Amino acid sequence: MKEGAPIPNPIEPEVSVEPQEQVHHNTAIKRVVGIPKDAPVSEEQVIARYARDFEHQPFYGCEIMKTMEQLEIIVDVCNMLPDFLKEYGPEHPIQFKPEQIHIIDAENSSYPEERKEVIRKRFKHTPAIWDAGGQYIAIDNNFIKRTSKIEFAHVLAHELIHGFGFASKHVVGKDAEKNKIKLGDRRIGLEFMVNEEDGGGGKQLQSYFTDVNEAVVEELALRFMRVKSTSIKGLEEDIVERKKELEARQTEFSTQAGAPVIVVDNVIGEQVGSGAEVYTREGGAYKKERRELEKANKELYEKNKDRFNSPGDVFRLFTKSYFSGRVLELARIIEATYGKGAFRKAGRKTKRKPYPSN
(Lines give C-alpha, C1' and ligand atoms only; values in the text may rest on other atoms or scores of the structure.)
Protein backbone atom coordinates (compact mmCIF):
# COMPACT_ATOMS: atom_id res chain seq x y z
CA MET A 1 0.00 0.00 0.00
CA LYS A 2 1.16 3.52 -0.65
CA GLU A 3 2.10 5.96 2.10
CA GLY A 4 -0.85 8.07 3.18
CA ALA A 5 -3.47 5.44 2.40
CA PRO A 6 -5.47 5.73 5.62
CA ILE A 7 -7.92 8.03 3.90
CA PRO A 8 -10.05 5.62 1.88
CA ASN A 9 -10.99 6.09 -1.74
CA PRO A 10 -14.17 4.62 -3.25
CA ILE A 11 -12.04 3.29 -6.13
CA GLU A 12 -9.07 1.21 -5.08
CA PRO A 13 -5.57 1.94 -6.38
CA GLU A 14 -4.42 -0.15 -9.33
CA VAL A 15 -3.52 -3.69 -8.31
CA SER A 16 -0.60 -5.56 -9.84
CA VAL A 17 -0.12 -9.17 -8.71
CA GLU A 18 2.59 -11.62 -9.67
CA PRO A 19 1.02 -14.85 -11.01
CA GLN A 20 3.15 -17.10 -8.79
CA GLU A 21 1.83 -15.63 -5.52
CA GLN A 22 0.34 -18.13 -3.10
CA VAL A 23 -3.27 -17.67 -2.00
CA HIS A 24 -3.79 -16.41 1.56
CA HIS A 25 -7.33 -15.94 2.85
CA ASN A 26 -6.73 -13.85 6.00
CA THR A 27 -8.60 -10.94 4.46
CA ALA A 28 -12.11 -9.48 4.48
CA ILE A 29 -12.17 -9.64 0.66
CA LYS A 30 -13.77 -12.99 -0.20
CA ARG A 31 -14.66 -12.43 -3.85
CA VAL A 32 -13.43 -10.38 -6.80
CA VAL A 33 -15.95 -10.28 -9.63
CA GLY A 34 -15.48 -9.47 -13.29
CA ILE A 35 -11.85 -10.38 -13.89
CA PRO A 36 -11.57 -11.03 -17.65
CA LYS A 37 -10.34 -14.42 -18.80
CA ASP A 38 -7.36 -12.80 -20.49
CA ALA A 39 -6.37 -10.81 -17.38
CA PRO A 40 -2.80 -11.36 -16.12
CA VAL A 41 -4.09 -12.36 -12.66
CA SER A 42 -6.76 -14.62 -11.20
CA GLU A 43 -9.32 -13.90 -8.52
CA GLU A 44 -7.30 -15.97 -6.04
CA GLN A 45 -4.17 -13.96 -6.71
CA VAL A 46 -5.94 -10.64 -6.20
CA ILE A 47 -7.37 -11.90 -2.90
CA ALA A 48 -3.84 -12.96 -1.94
CA ARG A 49 -2.69 -9.39 -2.58
CA TYR A 50 -5.34 -8.04 -0.21
CA ALA A 51 -4.29 -10.59 2.41
CA ARG A 52 -0.67 -9.51 2.04
CA ASP A 53 -1.65 -5.86 2.50
CA PHE A 54 -3.62 -6.86 5.58
CA GLU A 55 -0.65 -8.65 7.14
CA HIS A 56 1.99 -6.04 6.28
CA GLN A 57 0.78 -2.63 7.38
CA PRO A 58 3.03 0.45 7.20
CA PHE A 59 3.28 3.11 9.90
CA TYR A 60 1.68 6.14 8.26
CA GLY A 61 2.91 9.71 8.31
CA CYS A 62 -0.29 10.87 10.02
CA GLU A 63 -0.24 8.05 12.57
CA ILE A 64 0.86 8.21 16.22
CA MET A 65 2.18 5.48 18.51
CA LYS A 66 -0.36 3.66 20.63
CA THR A 67 -0.09 3.94 24.41
CA MET A 68 0.29 0.81 26.54
CA GLU A 69 -3.30 1.26 27.78
CA GLN A 70 -4.58 1.47 24.21
CA LEU A 71 -2.60 -1.64 23.24
CA GLU A 72 -4.10 -3.57 26.16
CA ILE A 73 -7.60 -2.63 25.08
CA ILE A 74 -6.92 -3.38 21.42
CA VAL A 75 -5.41 -6.81 22.14
CA ASP A 76 -8.28 -7.84 24.42
CA VAL A 77 -11.03 -6.68 22.04
CA CYS A 78 -9.31 -8.35 19.06
CA ASN A 79 -8.96 -11.61 21.01
CA MET A 80 -12.42 -11.67 22.61
CA LEU A 81 -14.60 -10.56 19.72
CA PRO A 82 -14.31 -13.60 17.37
CA ASP A 83 -15.39 -16.01 20.11
CA PHE A 84 -18.30 -13.77 21.13
CA LEU A 85 -19.50 -13.54 17.51
CA LYS A 86 -19.60 -17.32 16.90
CA GLU A 87 -23.32 -17.40 17.71
CA TYR A 88 -24.02 -14.82 15.01
CA GLY A 89 -22.39 -16.40 11.99
CA PRO A 90 -18.74 -15.69 11.08
CA GLU A 91 -17.27 -19.04 10.06
CA HIS A 92 -13.64 -17.99 9.62
CA PRO A 93 -13.14 -14.47 11.01
CA ILE A 94 -9.90 -12.80 10.03
CA GLN A 95 -7.30 -12.35 12.75
CA PHE A 96 -6.72 -8.72 13.67
CA LYS A 97 -3.59 -7.46 15.43
CA PRO A 98 -2.67 -3.99 16.72
CA GLU A 99 -0.71 -3.40 13.51
CA GLN A 100 -3.95 -3.25 11.51
CA ILE A 101 -5.36 -0.52 13.77
CA HIS A 102 -3.99 2.98 13.22
CA ILE A 103 -4.52 6.03 15.44
CA ILE A 104 -4.54 9.07 13.18
CA ASP A 105 -3.50 12.58 14.22
CA ALA A 106 -3.31 14.74 11.12
CA GLU A 107 -2.73 17.97 13.04
CA ASN A 108 0.60 16.79 14.42
CA SER A 109 1.78 15.27 11.15
CA SER A 110 4.08 16.79 8.57
CA TYR A 111 1.37 16.52 5.93
CA PRO A 112 0.61 19.63 3.86
CA GLU A 113 -2.53 21.54 4.86
CA GLU A 114 -4.50 20.27 1.86
CA ARG A 115 -3.93 16.69 2.89
CA LYS A 116 -4.74 17.42 6.53
CA GLU A 117 -8.06 18.91 5.42
CA VAL A 118 -8.93 15.69 3.56
CA ILE A 119 -8.39 13.76 6.81
CA ARG A 120 -10.42 16.28 8.84
CA LYS A 121 -13.34 15.94 6.44
CA ARG A 122 -13.17 12.16 6.54
CA PHE A 123 -13.45 12.14 10.33
CA LYS A 124 -15.97 14.96 10.53
CA HIS A 125 -18.97 12.64 10.96
CA THR A 126 -17.33 9.46 12.23
CA PRO A 127 -14.70 8.68 14.87
CA ALA A 128 -13.25 5.73 12.99
CA ILE A 129 -13.02 4.00 9.62
CA TRP A 130 -12.81 0.42 8.43
CA ASP A 131 -11.37 0.40 4.92
CA ALA A 132 -11.95 -2.92 3.18
CA GLY A 133 -9.62 -2.06 0.31
CA GLY A 134 -6.76 -0.84 2.47
CA GLN A 135 -7.48 -3.60 5.02
CA TYR A 136 -7.08 -1.35 8.05
CA ILE A 137 -8.95 0.46 10.82
CA ALA A 138 -8.18 4.16 11.36
CA ILE A 139 -9.31 5.89 14.58
CA ASP A 140 -9.28 9.65 14.99
CA ASN A 141 -7.03 10.71 17.88
CA ASN A 142 -9.22 13.79 18.48
CA PHE A 143 -12.06 11.40 19.29
CA ILE A 144 -9.85 9.37 21.63
CA LYS A 145 -8.75 12.49 23.53
CA ARG A 146 -12.31 13.60 24.27
CA THR A 147 -13.93 10.25 25.06
CA SER A 148 -13.71 7.44 27.61
CA LYS A 149 -11.73 4.23 27.26
CA ILE A 150 -15.07 2.38 27.32
CA GLU A 151 -16.19 4.25 24.21
CA PHE A 152 -12.78 3.69 22.57
CA ALA A 153 -13.26 -0.07 23.06
CA HIS A 154 -16.84 0.17 21.81
CA VAL A 155 -15.88 2.02 18.61
CA LEU A 156 -13.01 -0.40 18.04
CA ALA A 157 -15.40 -3.35 18.37
CA HIS A 158 -17.77 -1.70 15.86
CA GLU A 159 -15.01 -1.29 13.26
CA LEU A 160 -13.65 -4.79 13.85
CA ILE A 161 -17.11 -6.21 13.18
CA HIS A 162 -17.09 -4.34 9.88
CA GLY A 163 -13.77 -6.04 9.20
CA PHE A 164 -15.20 -9.48 9.96
CA GLY A 165 -18.07 -8.95 7.50
CA PHE A 166 -18.21 -10.32 3.98
CA ALA A 167 -16.66 -8.02 1.40
CA SER A 168 -16.21 -8.30 -2.35
CA LYS A 169 -14.73 -6.19 -5.12
CA HIS A 170 -15.40 -5.88 -8.83
CA VAL A 171 -13.30 -4.78 -11.77
CA VAL A 172 -13.93 -1.17 -12.83
CA GLY A 173 -10.99 -0.79 -15.22
CA LYS A 174 -8.04 -2.56 -16.79
CA ASP A 175 -4.61 -1.57 -18.11
CA ALA A 176 -3.37 -4.50 -20.19
CA GLU A 177 -0.05 -2.78 -20.91
CA LYS A 178 0.85 -2.44 -17.26
CA ASN A 179 -0.76 -5.75 -16.25
CA LYS A 180 -3.00 -3.92 -13.81
CA ILE A 181 -6.69 -3.90 -12.98
CA LYS A 182 -8.69 -1.28 -11.07
CA LEU A 183 -11.13 -2.46 -8.44
CA GLY A 184 -14.10 -0.90 -6.69
CA ASP A 185 -16.38 -1.98 -3.83
CA ARG A 186 -19.18 -4.39 -4.74
CA ARG A 187 -20.37 -5.67 -1.35
CA ILE A 188 -19.51 -4.61 2.21
CA GLY A 189 -21.42 -6.72 4.73
CA LEU A 190 -25.09 -6.25 3.80
CA GLU A 191 -24.35 -3.22 1.59
CA PHE A 192 -24.72 -3.53 -2.18
CA MET A 193 -23.19 -1.02 -4.57
CA VAL A 194 -25.77 -0.27 -7.28
CA ASN A 195 -25.58 2.02 -10.31
CA GLU A 196 -28.78 4.07 -10.53
CA GLU A 197 -30.06 6.56 -13.07
CA ASP A 198 -29.15 10.04 -11.86
CA GLY A 199 -32.00 11.81 -13.69
CA GLY A 200 -29.66 13.45 -16.17
CA GLY A 201 -29.08 10.52 -18.47
CA GLY A 202 -26.12 9.23 -16.50
CA LYS A 203 -25.66 6.86 -13.61
CA GLN A 204 -24.62 7.36 -10.01
CA LEU A 205 -23.27 4.74 -7.65
CA GLN A 206 -25.52 4.17 -4.63
CA SER A 207 -25.01 2.00 -1.58
CA TYR A 208 -28.12 -0.06 -0.76
CA PHE A 209 -28.83 -1.30 2.80
CA THR A 210 -26.24 1.03 4.38
CA ASP A 211 -28.52 1.82 7.33
CA VAL A 212 -29.33 -1.86 7.89
CA ASN A 213 -25.65 -2.72 7.68
CA GLU A 214 -24.71 -0.15 10.32
CA ALA A 215 -27.60 -1.16 12.57
CA VAL A 216 -26.50 -4.81 12.54
CA VAL A 217 -22.87 -3.89 13.24
CA GLU A 218 -23.70 -1.47 16.06
CA GLU A 219 -26.15 -3.86 17.70
CA LEU A 220 -23.46 -6.56 17.74
CA ALA A 221 -20.89 -4.11 19.11
CA LEU A 222 -23.22 -3.08 21.95
CA ARG A 223 -24.02 -6.70 22.80
CA PHE A 224 -20.32 -7.45 22.93
CA MET A 225 -19.64 -4.51 25.24
CA ARG A 226 -22.49 -5.43 27.57
CA VAL A 227 -21.07 -8.93 28.03
CA LYS A 228 -17.32 -8.32 27.84
CA SER A 229 -16.56 -4.75 28.95
CA THR A 230 -15.70 -5.78 32.53
CA SER A 231 -13.18 -8.32 31.18
CA ILE A 232 -11.27 -5.87 28.98
CA LYS A 233 -8.01 -4.69 30.55
CA GLY A 234 -7.72 -0.93 30.93
CA LEU A 235 -11.44 -0.24 31.33
CA GLU A 236 -11.67 -0.84 35.07
CA GLU A 237 -11.34 2.79 36.20
CA ASP A 238 -13.75 4.07 33.55
CA ILE A 239 -16.33 1.45 34.48
CA VAL A 240 -16.09 2.47 38.17
CA GLU A 241 -16.50 6.13 37.20
CA ARG A 242 -19.46 5.31 34.93
CA LYS A 243 -21.17 3.46 37.79
CA LYS A 244 -20.60 6.40 40.14
CA GLU A 245 -22.10 8.74 37.57
CA LEU A 246 -25.18 6.56 37.18
CA GLU A 247 -25.55 6.21 40.95
CA ALA A 248 -25.40 10.01 41.27
CA ARG A 249 -28.16 10.31 38.70
CA GLN A 250 -30.17 7.71 40.59
CA THR A 251 -29.87 9.81 43.75
CA GLU A 252 -30.86 12.93 41.83
CA PHE A 253 -33.94 11.38 40.24
CA SER A 254 -34.99 9.52 43.39
CA THR A 255 -35.90 12.90 44.90
CA GLN A 256 -38.60 13.21 42.22
CA ALA A 257 -41.77 11.31 43.14
CA GLY A 258 -42.21 8.17 41.07
CA ALA A 259 -39.10 8.73 38.99
CA PRO A 260 -36.28 6.39 40.04
CA VAL A 261 -33.43 5.64 37.63
CA ILE A 262 -33.24 2.04 36.48
CA VAL A 263 -29.73 1.37 35.19
CA VAL A 264 -29.89 -0.90 32.13
CA ASP A 265 -26.13 -1.34 31.79
CA ASN A 266 -22.99 0.75 31.45
CA VAL A 267 -23.04 0.91 27.66
CA ILE A 268 -26.53 0.99 26.17
CA GLY A 269 -27.95 3.70 28.43
CA GLU A 270 -30.52 3.92 31.17
CA GLN A 271 -34.24 4.08 31.81
CA VAL A 272 -35.74 6.90 33.84
CA GLY A 273 -39.12 6.84 35.53
CA SER A 274 -41.61 4.14 36.42
CA GLY A 275 -44.84 2.77 35.06
CA ALA A 276 -46.24 4.78 32.15
CA GLU A 277 -43.62 7.50 32.76
CA VAL A 278 -40.61 5.35 31.81
CA TYR A 279 -38.45 6.65 28.99
CA THR A 280 -35.05 5.53 27.78
CA ARG A 281 -31.81 7.40 27.35
CA GLU A 282 -30.15 5.35 24.64
CA GLY A 283 -26.46 4.67 24.39
CA GLY A 284 -24.56 3.66 21.29
CA ALA A 285 -24.76 4.99 17.75
CA TYR A 286 -27.22 4.56 14.87
CA LYS A 287 -30.19 4.74 17.25
CA LYS A 288 -32.80 5.34 14.56
CA GLU A 289 -31.38 2.59 12.35
CA ARG A 290 -31.30 0.13 15.26
CA ARG A 291 -34.93 0.89 16.13
CA GLU A 292 -35.93 0.25 12.51
CA LEU A 293 -34.04 -3.04 12.54
CA GLU A 294 -35.70 -4.08 15.79
CA LYS A 295 -39.08 -3.25 14.27
CA ALA A 296 -38.29 -5.36 11.19
CA ASN A 297 -37.13 -8.27 13.36
CA LYS A 298 -40.45 -8.22 15.24
CA GLU A 299 -42.59 -7.87 12.12
CA LEU A 300 -40.82 -10.68 10.27
CA TYR A 301 -41.14 -12.90 13.31
CA GLU A 302 -44.85 -12.17 13.78
CA LYS A 303 -45.58 -12.92 10.12
CA ASN A 304 -43.35 -16.01 9.96
CA LYS A 305 -43.79 -17.83 13.26
CA ASP A 306 -43.64 -21.13 11.40
CA ARG A 307 -40.01 -20.32 10.53
CA PHE A 308 -38.74 -18.38 13.57
CA ASN A 309 -38.98 -18.95 17.31
CA SER A 310 -38.32 -15.32 18.23
CA PRO A 311 -37.30 -11.92 16.83
CA GLY A 312 -33.78 -12.92 17.89
CA ASP A 313 -33.84 -15.69 15.28
CA VAL A 314 -34.65 -13.08 12.62
CA PHE A 315 -31.75 -10.93 13.82
CA ARG A 316 -29.41 -13.93 13.53
CA LEU A 317 -30.55 -14.36 9.93
CA PHE A 318 -29.47 -10.77 9.28
CA THR A 319 -26.11 -11.37 10.98
CA LYS A 320 -25.43 -14.63 9.15
CA SER A 321 -26.18 -12.90 5.85
CA TYR A 322 -23.85 -10.08 6.92
CA PHE A 323 -20.93 -12.38 7.69
CA SER A 324 -21.37 -14.93 4.90
CA GLY A 325 -22.48 -12.71 2.03
CA ARG A 326 -25.31 -15.15 1.35
CA VAL A 327 -28.48 -13.04 1.33
CA LEU A 328 -30.83 -15.22 -0.73
CA GLU A 329 -32.68 -16.66 2.29
CA LEU A 330 -33.10 -13.19 3.81
CA ALA A 331 -34.29 -11.75 0.49
CA ARG A 332 -36.80 -14.58 -0.01
CA ILE A 333 -38.33 -14.08 3.45
CA ILE A 334 -38.64 -10.33 2.93
CA GLU A 335 -40.25 -10.87 -0.50
CA ALA A 336 -42.61 -13.57 0.82
CA THR A 337 -43.65 -11.30 3.71
CA TYR A 338 -43.96 -7.94 1.97
CA GLY A 339 -44.41 -8.83 -1.70
CA LYS A 340 -42.36 -9.08 -4.86
CA GLY A 341 -39.72 -6.36 -5.15
CA ALA A 342 -39.74 -5.64 -1.41
CA PHE A 343 -36.07 -6.53 -0.96
CA ARG A 344 -34.91 -4.00 -3.54
CA LYS A 345 -37.32 -1.39 -2.16
CA ALA A 346 -35.83 -1.92 1.29
CA GLY A 347 -32.38 -1.41 -0.21
CA ARG A 348 -33.43 1.88 -1.82
CA LYS A 349 -35.05 3.07 1.39
CA THR A 350 -31.82 2.56 3.34
CA LYS A 351 -29.36 3.71 0.67
CA ARG A 352 -26.66 6.35 0.76
CA LYS A 353 -24.15 7.72 -1.67
CA PRO A 354 -21.26 5.34 -0.97
CA TYR A 355 -18.10 6.12 0.86
CA PRO A 356 -15.94 3.37 2.30
CA SER A 357 -17.65 1.67 5.24
CA ASN A 358 -17.09 3.08 8.70
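Which residues do ring pairs link into a cluster? In this predicted model, the cluster linked by ring pairs consists of Phe-54, Phe-96, Trp-130 and Phe-164.

**View 1. The whole chain, as a setting for the close-ups.** The secondary structure of the protein chain comes to 11 helices and 12 strands, and of its 358 residues, 50% count as buried.

View 2. A pair of aromatic rings is described by the distance of the centres and the angle of the planes. A search of the whole structure finds 11 aromatic pairs, and one of them is formed by Phe-209 and Phe-343, whose centres are 4.7 Å apart and whose planes stand at 35° to each other, a geometry described as tilted. Phe-209 belongs to the loop between strand E9 (203-208) and helix H6, whereas Phe-343 belongs to helix H11, so the pair ties together parts of the chain that are 134 residues apart in sequence. Buried means a relative accessible area under 20%; Phe-209, with a value of 8%, is therefore buried, and Phe-343, with a value of 15%, also counts as buried. The rings of Tyr-322 and Phe-323 have their centres 4.9 Å apart and their planes at 85°, so this pair is edge-to-face. Tyr-322 is buried, with a relative accessible area of 0%, and Phe-323 counts as buried at 8%.

**View 3. The largest pocket and the residues that line it.** Rolling a probe the size of a water molecule over the atoms shows where empty space is left. The largest pocket has a volume of about 670 Å³, and it is lined by 24 residues, of which Glu-292, Ala-296, Ala-346, Lys-349 and Thr-350 are the closest to its centre. The elements that give two or more residues to this lining are helix H6 (210-228), helix H8 (287-303), helix H10 (328-338) and helix H11 (342-349). The largest share comes from H8, which gives eight residues. Sorted by class, the lining has 15 nonpolar residues, one polar residue and eight charged residues.

View 4. The buried residues in H10 are Leu-330, Ala-331, Ile-333, Ile-334 and Thr-337. They cover an arc of only 165° around the axis, which puts them on the same side of H10. An α-helix has 3.6 residues a turn, so residues three or four places apart point the same way. The face of H10 turned away from its buried side carries the exposed residues Leu-328, Arg-332 and Ala-336, while what covers the buried residues includes H8, helix H9 (311-324) and H11. After H10 comes Gly-339, whose phi is positive, near 105°.

**View 5. Thr-337 and the residues it touches.** Thr-337 has its place in helix H10. If residues up to four places away in sequence are not counted, Thr-337 touches Leu-300, Lys-303 and Asn-304. Thr-337 and Leu-300 are 37 residues apart along the chain, yet their C-alpha atoms are separated by 7.2 Å.

View 6. In helix H3 (residues 113-122), the buried residues are Lys-116, Ile-119 and Arg-122. They cover an arc of only 120° around the axis, which puts them on the same side of H3. What covers these buried residues includes strand E3 (101-104) and strand E4 (128-131), whereas the face of H3 turned away from its buried side carries the exposed residues Glu-114 and Lys-121.

**View 7. Glu-43 in helix H1.** Glu-43 lies in helix H1 (residues 43-55) and, at 19% relative accessibility, counts as buried, because the cut-off for buried residues is under 20%. Leaving aside residues up to four places away in sequence, Glu-43 touches Lys-30, Arg-31, Val-32 and Ile-35.

Note on methods:
Residues are numbered from 1 along each chain as its sequence is written. This is a predicted model: local features need pLDDT of at least 70, side-chain atom pairs count only at pLDDT 80 or more; totals for chains, interfaces and linings use all residues. Side-chain values use heavy atoms; hydrogens and water are left out. On a 1 Å grid over the protein atoms alone, a cavity is a set of points where a 1.4 Å probe fits but cannot get out, and a pocket is an open set with protein on both sides within 12 Å along at least five of seven lines; lining residues have an atom within 4 Å of a point. Grid points are joined across faces, edges and corners, and a volume is the space filled by probe spheres set on the points. Helices (H or I, at least four residues) and strands (E, at least two) are DSSP runs, numbered from the N terminus. Ala, Val, Leu, Ile, Met, Phe, Trp, Tyr, Cys and Pro count as nonpolar, Asp, Glu, Lys and Arg as charged, and the others, Gly among them, as polar. Buried means under 20% relative accessible area, exposed over 50%, partly exposed in between (1.4 Å probe, protein chains only). The arc is that of the directions from the helix axis to the C-beta atoms. Contact means heavy atoms within 4.5 Å. Rings of Phe, Tyr and Trp (its six-membered ring) pair if their centres lie within 6.5 Å; planes under 30 degrees apart count as stacked, over 60 as edge-to-face and the rest as tilted.
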